[in-house]
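Please open the model in a viewer and keep the selection panel at hand.

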Amino acid sequence: MTTLDDLPLRDDLRGRSPYGAPQLDVAVRLNTNEHAFAVPDSVVEAMGKALQAELADLNRYPDRDAVALRTDLADYLGHGMATANLWAANGSNEVQQQLLQAFGGPGRTALGFGPSYSMHPLLAAGTGTRWIGALRDPDFGLTPSAAVAQIEEHRPDLVFLCSPNNPTGTALDPSVIDAVLAATEGMVLVDEAYYEYARAGTPSALGLLPRHPRLVVTRTMSKAFGFAGGRLGYFAADPAVVDAVQLVRLPYHLSSLTQAAARAALSQRDALLATVEAIKEQRDRIVTTLRGRGVETADSDANFVLFRAGDQKATWQAFLDRGVLIRDVGLTGWLRVTAGTDTETSAFLTAAEEILS
């Protein structure tokens with residue numbers, strides 16, 4: 001049987017593991033930060049009509065620039081965004097990969113502050129960009145001075161910031177982003193995949209875009225829009241950044257069906273986003289309940305909670321044994337749980353009372 005060792009694989013990819021979370025058939029799945037509520041029937045109907053309208057023309061290539069979709073995304077974001085400021089692809093992972101292809105690559109470096117999204121180093125590796133793993137503060141925060149010190153030491157070509165951060169849920173103060181932009185001549189990418197779940201008053205990096213042509217803010221429809229299966233991510237930036245990414249994007253990378261379904265979802269955004277507050281309530285319920293039991297948890301502006309777990313591998317298995325699947329993100333002594341429905345959250349908290357006491 002042929003193995004990877006038998007193939008002429010790139011040396012820098014040897015020994016690496018692909019990104020992924022366990023996909024197990026259990027009663028309560030709270031490990032991948034999916035939006036807990038199913039797509040409403042009214043939205044399913046709207047998307048069905050939009051897809052039906054495209055089927056007869058599937059012999060034709062889609063709009064390779066996704067102009068109508070980008071226009072709808074700009075309308076959703078506000079902040080003075082226009083079509084030229086937006087770009088879309090198959091999930092925010094592809095958007096970030098395209099940015100690394102355009103601004104990273106062999107001989108260039110990207111820097112991020114861990115613990116953070118584990119795909120960023122993998123995307124860097126896939127594009128031949130050297131990854132520099134800096135660290136957040138012990139409380140998972142990040143101060144302007146700490147961030148600038150790392151940038152001045154390493155002089156990266158790209159800086160990755162997450163707000164809210166995955167897996168900690170921590171939101172960034174805009175002063176951190178301003179300080180990072182002032183300290184580097186490279187691109188600064190702010191991953192806001194979970195922004196719709198942020199607590200009231202949490203600022204978005206979108207407000208900084210008019211002053212910073214090297215700033216890129218990435219978002220996704222996979223989370224709050226409940227569109228994870230649709231695979232639609234996007235970024236907002238100066239139009240010149242969109243022009244740069246078009247140099248490396250694959251031709252017709254976004255199918256007609258994806259574009260049509262995403263546009264239908266955006267047209268029904270009030271119905272889709274109506275359950276976001278319910279998810280935030282369950283997140284806050286998890287934080288309050290765990291802290292009330294003496295369990296250390298990180299502040300969260302996302303749809304998940306990071307909590308102290310002792311031996312995280314044994315604790316993860318104990319939850320699984322009780323039919324609750326959560327996430328071991330590889331952070332010693334911590335586990336992450338997605339905020340689910342009221343029933344799912346109750347199942348987690350009941351198991352937690354038994355396991356974490």
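Select Leu232 first: beyond its neighbours within four places in sequence, Leu232 is in contact (heavy atoms within 4.5 Å) with Leu69, Leu73, Ala88, Ala89, Gly91, Thr220, Met221, Ser222, Phe227, Leu254, Thr258 and Ala262. This is a predicted model, in which local features need pLDDT of at least 70 and side-chain atom pairs count only at pLDDT 80 or more, whereas totals for chains, interfaces and linings use all residues. Residues are numbered from 1 along each chain as its sequence is written, and side-chain values use heavy atoms, with hydrogens and water left out.

Together with Leu232, they touch the most other members of the largest nonpolar core, which has 49 residues. Such a core is a set of buried (under 20% relative accessible area, 1.4 Å probe, protein chains only) Ala, Val, Leu, Ile, Met, Phe, Trp, Tyr and Cys residues joined through side-chain atoms within 4.5 Å. Helix α6 (residues 174–183; a DSSP run of H or I, at least four residues) gives this core its largest share, six residues. Apart from this core lies another of 31 residues, including Tyr194, Tyr197, Ile286 and Trp316.

Now move to Thr345, in helix α12 (residues 342–355). Thr345 counts as buried because its relative accessibility is 1%.

Terms used. Buried means under 20% relative accessible area, exposed over 50%, partly exposed in between (1.4 Å probe, protein chains only). Helices (H or I, at least four residues) and strands (E, at least two) are DSSP runs, numbered from the N terminus.
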